[in-house]
Structure formats: C-alpha cells, structure tokens
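Keep the 3D view open as you read.

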Amino acid sequence: MAETDKASDDTGATRHVIKPLTPETFPAWLALADKHNGVWGGCYCSYFHGDTEHTAKADFDNNRGAYKKRLVEEGVAHAALVFDGDQAIAWCEYGTPAELPGIYHRKEYDAGEQNPAPWRITCFFVDRDHRRSGVAREALDGALDLIAKAGGGEVVSFPNVPVEGKKTSASFLHNGTRRMFEKAGFTFERDLGKRKTVMRITVPPAA
C-alpha cells in the first residue's frame, strides 16, 4: 500500500504518515467518521459522490458509511488520510469530476469553466482533537502527492472565503480556506457563489 511520511510542520520535522483511502485503511477512516457522528450531519463523506454503474446512493440510506465503503471497494472514492500511529485523524477527499459530481454551485461553476480539470478536491475533515494545528494542510499535501502518483494533471478546488470580522468554526470549513490553498501553490481563478472560490494548480506526475 502506497504511503508517505513527507508531512511535516513548519520546522521540517516529520509528524504524521499519509495513506490513501483503500479497503485496508477504510476501518480507520470509519472510526474517525463514527467518532464525529458520521460528520457533516451524518453524511459519512458521501455528499459529493453520485451513483455509479453498480451502486446507487439511495439503496444504502447512508447506513454508517456502507455507501462510502462500496465506493472505496469499487475504486471510485479517494482520499489522503493523515495517520497518527494507527489512528486516522484527518482526510482530504479528491477524485475525478465523474466521481465527485455534487459540488456546490455546480451550474455556475460549469458555466464559467473554460478548462475542465481532471481532478478536484471537495472536502476535508479533521478530528476535533487536532483542529487548528496544520493537519488539514498535511491532508492537502498528501492528496496532491497521491494525485502526482496517479499521473498528475490540473486540480481544482473550492475553498471557503472567510467573512471579514467573523471567526468561523473550524468544523464548518469543510473545504479549507483560500489562504491555505494559496500557501500550497494554488492560484485564484474566480469567485463561486457568495462564499467560495475556484482555485487551480497543475501537479506534475511523480517521477
């Protein structure tokens, strides 16, 4: 199973291991989701996914991540998991537009998209005990590394725009902030809706 320990803090010291979401790592992913009551109102990180040729979301009624588990087994659900020992403490979900069609403001996004990217990043989740400690950025870097290993290409994402003068709970920043993406090398492309942006980066294939 591919993994990397490149994640590091500002001093360069390695902190956590990044592993891809696979049938083998799914139990750790599920334990993190269960710890937080299924995350995002119990969606078990299924919101952005759609039906596949073999799997219909409605058939599962999102029973403790059963739908997500099926997608992982099919190879159409991807994420970079941040591990602290044997425990998953965060993830960054990524995939192709076909795998993750349910983005916010999709009609507006599609109408303004001149150069469709083969990859998109749709959401993060960080254990409540590790928030505001840089773990989301580790997950983002991990996702970009896994995309590079899968052949690279352009990646778009839709980070939140904080409201000036208002502190937003980390639990609601489901797709990170523009600032975090800029630090990771993404460039701003356009606004999307009232509180999101389109940002893009080109990831070269892994050597």
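Accessible area here comes from the Shrake-Rupley method, which uses a 1.4 Å probe. By that count, the chain exposes about 10400 Å², and carbon and sulfur atoms supply 50% of that area. As for what is tucked away, 48% of the 207 residues are buried.

Before going further, remember that this is a predicted model. The mean pLDDT of the chain is 88, with 86% of its residues reaching 70 or more. Over residues 6-14, though, the pLDDT is below 50, and beyond near neighbours in sequence this stretch has 12 contacts in the model. Residues 168-172 also stay under 50, and here the model has 10 contacts beyond four places in sequence.

Now for the overall build. The chain has five helices and seven strands, and from the N terminus on they run β-α-α-β-β-α-β-α-β-α-β-β. The seven strands form an open sheet with mixed pairing, in the order β1-β2-β3-β4-β5-β7-β6. Because β1 and β6 stand at the edges with a single partner strand each, one side of each is left without a neighbour in the sheet. From one strand to the next, the twist averages 30 degrees.

At one of them, β1 pairs with β2 (residues 78-84) in the antiparallel sense over four bridges; Lys19, for instance, has Leu81 in β2 as its bridge partner. At the other, β6 (residues 187-192) and β7 (residues 196-203) are antiparallel too, over five bridges. Leu192 is bridged to Lys196 in β7. These two strands make a hairpin with three residues between them, and Gly193 in the turn has a positive phi of about 65 degrees.

Helix α1 (residues 26-35) lies across β2, β3 and β4, running at about 100 degrees to β3.

While we're at β3, look for Glu93, which is found in that strand. Is Glu93 buried or exposed? Its relative accessible area is 1%, and buried means under 20%, so Glu93 counts as buried. What does the side chain of Glu93 make a polar contact with? The partner is the side chain of His49, at 3.2 Å. Leaving aside neighbours within four places in sequence, Glu93 is in contact with residues including Cys45, Phe48, Lys68, His78, Arg120 and Thr122.

Finally, zoom back out to the whole chain: of the contacts with a separation of 6 or more, 63% are between residues 24 or more positions apart.

Methods. Residues are numbered from 1 along each chain as its sequence is written. This is a predicted model: local features need pLDDT of at least 70, side-chain atom pairs count only at pLDDT 80 or more; totals for chains, interfaces and linings use all residues. Side-chain values use heavy atoms; hydrogens and water are left out. pLDDT is the predictor's confidence in each residue, from 0 to 100. Contact means heavy atoms within 4.5 Å. Two strands pair if DSSP finds at least two bridges between them. Buried means under 20% relative accessible area, exposed over 50%, partly exposed in between (1.4 Å probe, protein chains only). A polar contact is a pair of N or O atoms within 3.5 Å; within protein, one must be able to donate a hydrogen and the other to accept it, and residues adjacent in sequence count only if both atoms are side-chain atoms. Axes are lines fitted to C-alpha atoms, for helices over the stretch in contact, and angles run from 0 to 180 degrees between N-to-C directions.
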